[in-house]
Amino acid sequence: MLWSEYPCMSGVAEVAEREGLFTGYTLGQAYDEMFARPGEPRWHYASLHRQLSSLSYDAFRRIKVMTDLSMLQDGVGFTVYRQEEGIERVWPMDPIPRIIPAQEWQVIERGLIQRILALNLFLKDVYNDQFILRDRVIDPRLVFEGAFFRREFVGAKVPRDIYIHICGTDLIRDVNGRYLVLEDNGRTPSGVSYMLTNRQVLKRVWPQVFESYTVQSNDDYPSALLDVLRYIAPGGRPDPTVVLLSPGIYNSAYFEHTFLAQRMGIELVEGRDLVVDQNRVYMRTTRGLERVDVIYRRIDDDFLDPLVFRPDSILGVPGLINAYRAGQVSLANGVGTGIADDKGIYPFVPDMIRYYLKQDPILDNVETFRPLVPSHLQHILANLERLVVKTVNESGGYGMLIGPASTAEQRDKFREHIRQQPRNFIAQPVVQLSTHPTFVEGGIEGRHVDLRPFVLCGEKVVVVPGALTRVALPRGSLVVNSSQGGGSKDTWVLAE
Amino acid sequence: MLSRVADALFWMSRYFERAEHVARLLDVWFHLELDLSGAGAPYEMHWTSLTAILQQHVPALGNDVLPQVGIAHWLTFDLDNPGSIMACITRARLNARSIRGTINSEIWRELNKLYWKLSDPEFIRRSKESPYEFYQAVEAGSALFQGLCDATSTHDEGWQFIQLGKFVERADKTLRILDIQYHLLRDLTNPADVSLSTLHWAAVLMSCRAYESYQRRHVGRVEPARVVNFLLLDPSFPRSVRFSLEAMARSLNAIERDAHPRELSKADRLLGLMLAELTYRPLEQILASDLHDFLSRLIDQVGQVSRAIQERYSLR
């Protein structure tokens, strides 16, 4: 739809603009997704900006209320359990969509494909020949001392040589709008159900906003995921039985587990539904035991099999790992992929891309300092109040020191830890994540966002056009995690 | 189908059906109370019969609490009472939540909407003044839930477990309502009590959502023998005991058909025996014997069927 088709509306928009939702919208130093300059939207946001400007605060508030209600009624959320009924919290969705032009997306897509290919080649290598370690591209100690390196699996074969089948890569944009990879989540990444439900909800509560855009559908994700899972069936077995293994209703991502199982039409099982006999995995059904071929597991390595990993795990299945090693059942993601998204290994992903693929990385990493390198260590210790320090084996925003927001006491503690265990930390400059107009009490303000696209690796690598945009709702906050007051946005990849 | 899933479907449906029965009984009892106060009958007896039907021991109420208000609260909102409407809806929802991958999202959404509606403090406050709206919401929610199950899910094994849960509960409740009320009302033979008796028997029909269907069948005053006949033996009224047992037998048959076509399960046998009696024994004979005995034996057998089903499919 062209602007010129509605000449009469421009006057209305101008009036609304003066008193409307964007009153007092300020741009900080961060890159703003919508505005190139104050009051001047980028071309792909122009139409959305016009629509928003023509709405009153109350009208948009109604959309937000409907969004919240819709999420509550669909039971979209994560759960904090107390008694039987539990406290259920909806992960708040902001109805203002984030928009990515087609050309920008193509670069992201190519970068992600390149990255997952390299990560899978790296995993195959470190669990077999270890060329990259012998060639000293990566210090072998970094791998062998990694908490998520599973030495038990050295030499084990996995179907089709794929270790990471599903990867959720976190991207951020720096002050110049350049996309950078913040981390790869190659164990059991979550969030894709929000990518899909956010779209459904937005279509329901604010259908008009789609009218002037051609948004690529992200709805194919569950089918694409099922294709991957079927592709890795043991021995290429035709028509395999695929199940999703969940820790159960008390897990914070339980909604996503049920959502995906339902959309793929596969059984959602818990550890107690499965039993291993002679290295074959079965589920208990009303008609006796039924063979299982592929398990999309949403349980961490540590809890998968009490006989091999944590003996106190009641979520897992005794004997599962032996069955996996014997090639009688396939797991997605594979066991031991955590070494690839270990933050201590992360700085070397660009080197992996050059080493295995003989290509230059399309997406850059965030500049990272490693305390193991003496010059880096010096820099870190001297500039702690300007850096973000991360513990390599933590995720979800835990185990972090955000320099500018830290106290001298906290910094001293981290200095001590870093000196004692240099392998366990990395440090990065504070990146001002890009901001995006977000509806808050009183109007629209800029809030920091990141971007998590989901990459599927099977017969081919597929990046479904769409992503989860997480938004840090408190003003000025750079922490987008759902456990730390984050929300989310529908994320549009444009067709043109 | 996973045993755990079958179990959750069975209990989801059963708890929902139970919530519906409690809601309707309370609704009917409140209405009846208003009528009875006109007829000058003791309402102690009235509320005692309700708690007897629901096998509930209401904890001692404070002196400043009206008995009917205390009982209604205990049966409606109190989460300490596993038989209260809210507890049943909460459990139905918990079961549904544990199998969200199996049931259709429409079903989940409606169940969830009902739960949040009933949990809304404002709605609860309103309901305490006028409980009708609350009980209506539960009844309508249950009808919507069962309707969606019927109209949107495949009538496969899982659906059969939903049927089993629903009809086990329905047979049990209908039997208990008949049993307690028959026991209570059989002494009302004095001609002066006719209007009181009619009121009560009409309430029995309403408790089973059978009043209008009954009246379309039988013109005139509500008669105890006809009520028993209708609620116990009618083959086409979907809330009668016979209908419920036949539905259970059909579902069991469908579940077993492919798995063990030649074998009769324990639940099958029990149902067959009960149905033979309800189908072929004349009403006069049933009424001539001790009806209370007859009904309590059936109640016991329905319990046995339920346990046999749980055992056979390794439900919990």
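A: What follows is read from a predicted model. Domain 1 of chain B puts 27 residues into the contact and domain 2 of chain B puts in 28. On the domain 1 side, the elements that supply two or more residues are α1 (3–39), α2 (43–53) and α7 (131–152) of chain B. The most comes from α1(B), with 19 residues. By residue class, the domain 1 side that touches domain 2 of chain B has 15 nonpolar residues, six polar and six charged.

Along the principal axes, its C-alpha atoms fill a box of roughly 60 × 50 × 35 Å. Among the 316 residues of chain B, 42% count as buried. Of the contacts in chain B with a separation of 6 or more, 69% are between residues 24 or more positions apart.

Chain B also touches chain A. In that interface, 19 residues of chain A are in contact with 20 residues of chain B. On the chain A side, two or more residues come from each of α3 (57–73), α9 (254–264), β9 (267–269) and β11 (280–285) of chain A. The chain A residues that touch chain B divide into six nonpolar, six polar and seven charged.

Leu274(A) is placed in strand β10, residues 274–277 of chain A. Is Leu274(A) buried or exposed? Leu274(A) counts as buried because it has 24 C-beta neighbours inside 10 Å, where 20 or more are needed for that label. Leaving aside residues up to four places away in sequence, Leu274(A) touches Val269(A), Val281(A), Tyr282(A), Met283(A), Val292(A) and Val317(A). The C-alpha atoms of Leu274(A) and Leu289(A) are 8.9 Å apart, with 15 residues separating the two in sequence.

Elsewhere in chain A, strands pair in several ways. Strand β6 (residues 166–173) and strand β7 (residues 179–185) of chain A run antiparallel and are joined by six bridges. Within that pair, Thr169(A) stands opposite Asp184(A) of β7(A). The two strands form a hairpin with five residues between them, and Gly177(A) in the turn has a positive phi of about 85°. β7(A) is also joined by two bridges to strand β15 (residues 364–365) of chain A, and here the strands run parallel. Leu180(A) has Asp364(A) of β15(A) as its bridge partner.

A three-stranded open sheet of chain A has the order β17-β16-β18 with antiparallel pairing. β17 (400–402) and β18 (425–429) of chain A are the edge strands; each has a single partner strand, so one side of each is left without a neighbour in the sheet. From one strand to the next, the twist averages 15°. Three bridges hold the antiparallel pairing of strand β16 (residues 387–391) of chain A with β17(A), in which Val389(A) stands opposite Leu401(A).

How many of the eight residues of β24(A) are buried? Eight of the eight are, so β24(A) is largely enclosed by the rest of the structure. Its pairing with strand β5 (residues 93–100) of chain A is parallel and covers five bridges, with Lys489(A) in β24(A) as the bridge partner of Asp94(A). Strand β23 (residues 469–472) of chain A runs antiparallel to β24(A) and is joined to it by four bridges. In that pairing, Arg470(A) stands opposite Ser488(A) of β24(A).

Methods:
Residues numbered from 1 in each chain as written. Chains lettered and ligands numbered in written order. Predicted model: local features only at pLDDT ≥ 70, side-chain atom pairs only at ≥ 80, totals over all residues. Buried ≥ 20, exposed ≤ 12 C-beta atoms within 10 Å, placed from the backbone. Contact = placed C-beta atoms within 7 Å. Nonpolar A, V, L, I, M, F, W, Y, C, P; charged D, E, K, R; others polar. Pairing = 2+ DSSP bridges. Axes fitted to C-alpha atoms, helices over the stretch in contact; angles between N-to-C directions.
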